[in-house]
Amino acid sequence: MTIFIASLKNELMKIFTRKKFFVLLIIEIIICILCGGVNYLIGKASAGAVSTSLMLSNMPMNMLSFFIQIYIPLMIFMASCDLFASEMQDGTIRASFMRPVSRFKLFASKVTGITIMAVIYLAVLFVLTTIIRFIGGAGNASATGILESFFAYFLDIFPLIVLVLFAAMLNQFLHSPSLSIVICVIIYIGLYILGIIVPQASGLLFTGYAQWHNLWLGVTLPFVSMLSKIGLLLGYGLIFGCIGYYLFERKEV
């Protein structure tokens, strides 16, 4: 466990020493502030016809939809390419293989590091939108509403983990970081559009569960249906993880 934690710290350091992730985190914050400001101004300009507090009260959930389906997946693809394809291309992966850590722990630490990065983006989004919600006059919202938002954010971490495993698997096939990120984005968008064009297929694709909280909050599905969807998402995660690790284990550098 000590070796895994040391490897995880090393992978996290690789991610957070890249300035682009801080820049993208700042862009996320700016987007949230701008959206909060626009909602506030619309409420004031309408002279009370549109309630400012009402518009801001649901901001955490409205922003989650965009970030969980577009923004954070893009961050995941970029981080995956940096930790896998980029290291293979420039040969720095050799140094990682020479360290006294098994390839399984190395693969797991990279995947965990990317997941932690995605969760940080998600946590910043939740905290920021909740603060804006209070500042904008929606502070009277019940604690139940805040807990519901928190629970929704927590649930959406699970499809993100599957997406991280998917990106890690794809990166085992490619050694070019630029090509890798393009392939990841194209396949992700392709699957997402396929789920829209063919609604019947959406339930079978892991991209259709990006907003995992929709299955748990509000009108919930019968237990058997929920069980099948949990099994489907778990199956995707296992397949992506096993294939990704298998290819990573057999890499020769």
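**Exercise 1. Describe the lining of the second largest pocket.**

Solution. Gln69, Ile70, Pro73, Leu74, Phe77, Val185, Tyr188, Ile189, Tyr192 and Ile193 line the second largest pocket. The model is predicted, so local features need pLDDT of at least 70 and side-chain atom pairs pLDDT 80 or more, while totals for chains, interfaces and linings use all residues. Residues are numbered from 1 along each chain as its sequence is written, and side-chain values use heavy atoms, with hydrogens and water left out.

Step 1, the term. On a 1 Å grid over the protein atoms alone, a pocket is an open set of points with protein on both sides within 12 Å along at least five of seven lines; a cavity is a set of points where a 1.4 Å probe fits but cannot get out; lining residues have an atom within 4 Å of a point.

Step 2, the volume. The pocket has a volume of about 180 Å³, a volume being the space filled by probe spheres set on the points, which are joined across faces, edges and corners.

Step 3, the elements. At least two lining residues come from each of α4 (59-90) and α9 (177-197); helices are DSSP runs (H or I, at least four residues) numbered from the N terminus.

Step 4, the classes. The lining has nine nonpolar residues, one polar and no charged. Here Ala, Val, Leu, Ile, Met, Phe, Trp, Tyr, Cys and Pro count as nonpolar, Asp, Glu, Lys and Arg as charged, and the others, Gly among them, as polar.

**Exercise 2. State the volume of the largest pocket and which residues are closest to its centre.**

Solution. Step 1: the volume is about 290 Å³. Step 2: 14 residues line this pocket, and Phe158, Val162, Leu233, Leu234 and Gly237 are the closest to its centre. Step 3: α8 (157-171) and α11 (223-249) are the elements that give two or more residues to the lining. The largest share, seven residues, is from α11. Step 4: by class there are twelve nonpolar, two polar and no charged residues.

**Exercise 3. Find what lines the largest cavity.**

Solution. Step 1: the whole structure holds one cavity of 30 Å³ or more. The space in the largest cavity is about 70 Å³. Step 2: its lining is Ile68, Asp156, Pro159, Leu160, Leu163, Tyr188, Phe206, Thr207 and Ala210. Helix α8 gives the largest share, three residues. Step 3: seven lining residues are nonpolar, one is polar and one is charged.

**Exercise 4. Classify the ring pair of Phe97 and Phe248 and describe its setting.**

Solution. Step 1: the structure has 21 aromatic pairs. Rings of Phe, Tyr and Trp (its six-membered ring) pair if their centres lie within 6.5 Å; planes under 30 degrees apart count as stacked, over 60 as edge-to-face and the rest as tilted.

Step 2: the ring centres of Phe97 and Phe248 are 5.5 Å apart and the planes stand at 65°, so this pair is edge-to-face. Because Phe97 lies in α5 (residues 93-98) and Phe248 in α11, the pair ties together parts 151 residues apart in sequence.

Step 3: Phe97 is buried at 17% relative accessibility, and Phe248 is buried at 1%; buried means under 20% relative accessible area (1.4 Å probe, protein chains only).

Step 4: ring pairs link Phe84, Phe97, Phe104, Phe107, Tyr245 and Phe248 into a cluster. Arg103 lies over the face of Phe97, 3.7 Å from the ring centre, and Lys110 over that of Phe84, at 5.7 Å. A charge sits over a ring if NZ of Lys or CZ of Arg is within 6 Å of the ring centre and within 35 degrees of the ring normal.

Notes:
Buried < 20%, exposed > 50% of the residue type's maximum accessible area, 1.4 Å probe, protein only.
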